[in-house]
Amino acid sequence: MPQTAGTLDSQQKTTSRRPAGTLYRGNTGMWSWVLHRITGVAIFFFLLVHILDTALVRVSPEAYNAVISQYQTPIMGLGEVALVGAIVFHAFNGLRIILIDFWNAKYQRVLFYVVIGLWVVTMLGFVPRHLINVFSH
């Protein structure tokens, strides 16, 4: 049977390098998924440490004050920038995921770039002000 334009025989269908019907294969959808998981895990561990160090105040107020004084260093100020960056990306990307779930997945690439743009604008507003406070003390 002659092959017409736009059709594939069974040999070509099974030897395709890229599986059909998926958004993830190294494109923006996959990177969005990876970054969402990484930022989610990072936020979880921050919250775990935050709860533990806050609980320390009931055990030993002196130890709590010592831990808090360690947090008031420039290194931790840079860590706060990373934390805010993770939270902001995770929040914007979560809204993107909701829009894709309830709207239309064909706009997922555009929405990813919207998330990156909003993240950059938000961080440009936050980082200079925060670093001025961190390094002025």
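**Helix packing and a buried histidine**

His 130 is found in helix H5. This is a predicted model, where local features need pLDDT of at least 70, side-chain atom pairs count only at pLDDT 80 or more, and totals for chains, interfaces and linings use all residues. Residues are numbered from 1 along each chain as its sequence is written, and side-chain values use heavy atoms, with hydrogens and water left out.

Q: Why is His 130 called buried?
A: Buried means under 20% relative accessible area, with exposed over 50% and partly exposed in between, using a 1.4 Å probe and protein chains only. His 130 has 13%, so it counts as buried.

Q: Which residues does His 130 touch, leaving out those up to four places away in sequence?
A: Gly 77, Glu 80 and Val 81. A contact here is heavy atoms within 4.5 Å.

Q: What makes up the secondary structure of the protein chain?
A: Five helices and zero strands, in the pattern α-α-α-α-α along the sequence. Both are DSSP runs numbered from the N terminus: H or I with at least four residues for helices, E with at least two for strands.

Q: Why is H2 called oblique to H4?
A: The axes of H2 (residues 28–59) and H4 (residues 74–102) come within 9 Å and cross at roughly 130 degrees. Axes are lines fitted to C-alpha atoms, for helices over the stretch in contact, and angles run from 0 to 180 degrees between N-to-C directions. Under 35 degrees is roughly parallel, over 145 roughly antiparallel, 65 to 115 roughly perpendicular, and the rest oblique. The crossing angle of H2 and H4 therefore lands in the oblique class.

Q: What makes up the contact of H2 with H4?
A: Its residues split into eight nonpolar, eight polar and one charged. Ala, Val, Leu, Ile, Met, Phe, Trp, Tyr, Cys and Pro count as nonpolar, Asp, Glu, Lys and Arg as charged, and the others, Gly among them, as polar. Arg 96 in H4 is one of the residues in this contact.

Q: What about H2 and H5: why oblique?
A: Their axes come within 9 Å and cross at roughly 45 degrees, so H2 is oblique to H5.

Q: Which residues of H2 and H5 meet?
A: Thr 28, Gly 29 and Ser 32 in H2 meet Gln 108, Arg 109, Phe 112 and Tyr 113 in H5. That contact divides into two nonpolar, four polar and one charged.
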